[in-house]
Amino acid sequence: MDQVSLRVGMTVWDDEVEMKMTFPAGPARLESLLPVFQQVANSLVDLAEKRAAAEGRVVSCRKGCGACCRQLVPIGEIEARQIGRLVGDLPEPRRQEVRARFERARERLAEAGILSALEKREGFVEDEIAPLGLAYFHLGIPCPFLEEESCSIHADRPIICREYLVTSPAVNCADPKPGTIDQVELPGKVWTALARAGSAGPPARFIPWVPLVLAPDWAAAHPDASEPRPAEELVQSVFAELARRKGGPAPPVAGGRTG
Ligand code: SF4
């Protein structure tokens, strides 16, 4: 099968970083390229972690700490469909078990009176998520994928989960208060770039997002109707969104085709 290789030149803070990406040639939908963007996010997070370490700040996130997995987790439409498919592909009885957790979470949001607000996601910009996020957090709803305080879908976890790293004590994440969480600064947020590039709607100031706990239902009601496009073009569109943030990586600089 023909493959496309792209060399991506990025200015990350003061350094020039080059990354090579390879994916099947030909028209594609953005969702099929999700592993590429997960890899990009992993690379940027690695750089951010090293930069924090050089400043004497050590990441306190550890396996077995699921404090942040009771927060409101916003994901883009592409990733919401991935979560929907991932749940659908689980073997039984695991699938029923996880679906029941999603249903229970929905019921609790409805009982608390915040379900409809979460379903009107287009009414929020990034900065306005906080009050809703606080109300959500106080409900203490664990992510349906959380098992013994660890992520049961670690390799497939949403990009925002990869991008959330703190250097403050883990206990602070379990009881977040203003000014107590020291998040590792990233050179760009891949999840928001992907969310904007992957939205079916017109470009807007809103980040088109779906709460992770509502993702399977949302995905079932919103099948991907996008037209396949050249993969290089799709990759470029995400990097263009990423570059819009001040200091973010620059778009891809070169492409090639391998057999
Ligand atoms: S997907 Fe995994 S890392 Fe993300 S909130 Fe759920 S359990 Fe936590």
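The paragraphs below move from confidence and overall fold to the core, the ligand shell and some local features.

This is a predicted model, and its chain has an average pLDDT of 86, with 88% of the residues scoring at least 70. Among the elements of the chain, helix 3 (residues 94-111) has the highest mean pLDDT, 98, whereas strand 9 (residues 254-258) has the lowest, 32. Over residues 246-259 the pLDDT is below 50, and in the model this stretch has 41 contacts beyond near neighbours in sequence. Where pLDDT is low, the predicted coordinates should not be read in detail.

The chain contains 10 helices and nine strands, and 32% of its 259 residues count as buried. Of the contacts in the chain with a separation of 6 or more, 74% are between residues 24 or more positions apart.

The largest nonpolar core comprises 56 residues, of which Phe-37, Ile-75, Val-190, Leu-194, Val-235 and Val-238 touch the most other members. Helix 1 (residues 34-54) gives the most to this core, contributing eight residues. Once its neighbours within four places in sequence are left aside, Ile-75 is in contact with Ala-80, Pro-158, Ile-160, Trp-191, Trp-209, Val-210, Leu-212 and Ala-215.

Two of the core residues named above, Val-190 and Leu-194, are also among the buried residues of helix 8. Why is helix 8 (residues 190-197) largely enclosed by the rest of the structure? Eight of its eight residues are buried, so helix 8 is largely enclosed; Arg-196 is buried as well, along with residues including Trp-191, Thr-192 and Ala-193. What covers the buried residues of this helix includes helix 1, strand 4 (74-76), helix 2 (77-89), helix 6 (159-163), strand 7 (209-211) and helix 10 (231-243).

The ligand is surrounded by Cys-69, Val-73, Cys-143, Phe-145, Leu-146, Cys-151, Ile-153, Arg-157, Pro-158 and Cys-161, a shell that divides into nine nonpolar residues, no polar ones and one charged residue. Of these, Cys-143 is found in the loop between helix 5 (129-139) and strand 5 (146-147), and Cys-143 counts as buried because it has 23 C-beta neighbours inside 10 Å. Leaving aside its neighbours within four places in sequence, Cys-143 is in contact with Cys-69, Val-73 and Leu-212. Although Cys-143 and Val-73 are 70 residues apart in sequence, their C-alpha atoms are 8.7 Å apart in space.

In another loop, between helix 2 and helix 3, lies Pro-93, and the peptide bond from Glu-92 to Pro-93 is cis, with omega near 5°.

Terms used:
Residues are numbered from 1 along each chain as its sequence is written. This is a predicted model: local features need pLDDT of at least 70, side-chain atom pairs count only at pLDDT 80 or more; totals for chains, interfaces and linings use all residues. A residue is near a molecule or strand if its C-beta atom, placed from the backbone, lies within 6 Å of it. Ala, Val, Leu, Ile, Met, Phe, Trp, Tyr, Cys and Pro count as nonpolar, Asp, Glu, Lys and Arg as charged, and the others, Gly among them, as polar. A nonpolar core is a set of buried Ala, Val, Leu, Ile, Met, Phe, Trp, Tyr and Cys residues joined through C-beta atoms within 7 Å. A residue is buried if 20 or more other C-beta atoms lie within 10 Å of its own, exposed if 12 or fewer, and partly exposed in between; C-beta atoms are placed from the backbone. Helices (H or I, at least four residues) and strands (E, at least two) are DSSP runs, numbered from the N terminus. Two residues are in contact if their C-beta atoms, placed from the backbone, lie within 7 Å. pLDDT is the predictor's confidence in each residue, from 0 to 100.
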